[in-house]
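Me: I'm new to this one, and I'd like to learn how to read it. Could you take me through a few features, giving the general idea before each case?

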Amino acid sequence: MVFTIAPATVFTNGVFMNEPGYTLITNKPIDMTVNWSIDWSVTGPMYGVIIVVIVLLVLLLRRR
């Protein structure tokens, strides 16, 4: 029997997490652990944009 788990990216706990996906071939029950990792290529820029927007808002509000 062949099982395919598609790669996935999810947003949870304030970060984007991804897992690479798997293809398994088995003829008996198995235990499987999926290892998620933080996708810094998406999470970093997202928080960078948020920080820039907050800084700009603070500067604009202080100017008034």
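Me: Is Tyr22 buried, partly exposed or exposed, and how is that decided?

Reply: The idea is a scale of relative accessible area: under 20% is buried, over 50% is exposed, and partly exposed lies in between, with a 1.4 Å probe and protein chains only as cover. Tyr22 has a relative accessible area of 24%, so Tyr22 is partly exposed. This is a predicted model, where local features need pLDDT of at least 70 and side-chain atom pairs count only at pLDDT 80 or more, while totals for chains, interfaces and linings use all residues. Residues are numbered from 1 along each chain as its sequence is written, and side-chain values use heavy atoms, leaving out hydrogens and water.

Me: Where is Tyr22, and which residues does Tyr22 touch?

Reply: Helices (H or I, at least four residues) and strands (E, at least two) are DSSP runs numbered from the N terminus. Tyr22 belongs to strand E4, residues 22–25. Contact means heavy atoms within 4.5 Å. Leaving aside residues up to four places away in sequence, Tyr22 touches Phe3, Thr4, Ile5, Met32, Val34 and Asn35.

Me: Which strands form the open sheet, and in what order?

Reply: Strands of a sheet pair through backbone hydrogen bonds, either parallel or antiparallel. Two strands count as paired if DSSP finds at least two bridges between them. Here three strands make an open sheet in the order E2-E3-E5, with antiparallel pairing. Strand E2 (8–12) and strand E5 (37–38) are the edges, each pairing on one side only. Two bridges join E3 (residues 15–19) to E5, and Met17 has Ile38 in E5 as its bridge partner.

Me: What about the loop between E2 and E3?

Reply: Look there for Asn13. Its phi is near 55°, a positive value in a residue other than glycine. Asn13 counts as exposed because its relative accessibility is 78%.

Me: Which residues form the nonpolar patch on the surface?

Reply: Nonpolar side chains (Val, Leu, Ile, Met, Phe, Trp, Tyr) are joined within 5 Å, like charges within 9 Å. Here the members are Phe11, Tyr47, Ile50, Ile51, Val52, Ile54, Val55, Leu56, Val58 and Leu59. Together they have about 900 Å² of accessible area, by the Shrake-Rupley method with a 1.4 Å probe, where only the protein chains shown count as cover for residues. Helix H1 gives the most, with nine residues. Ile50 lies in H1 and is partly exposed, because its relative accessible area is 38%.

Note on methods. Patch = residues over 30% accessible without salt bridge, like charges linked within 9 Å, V, L, I, M, F, W, Y side chains within 5 Å. Salt bridge = Lys/Arg side-chain N within 4 Å of Asp/Glu carboxyl O.
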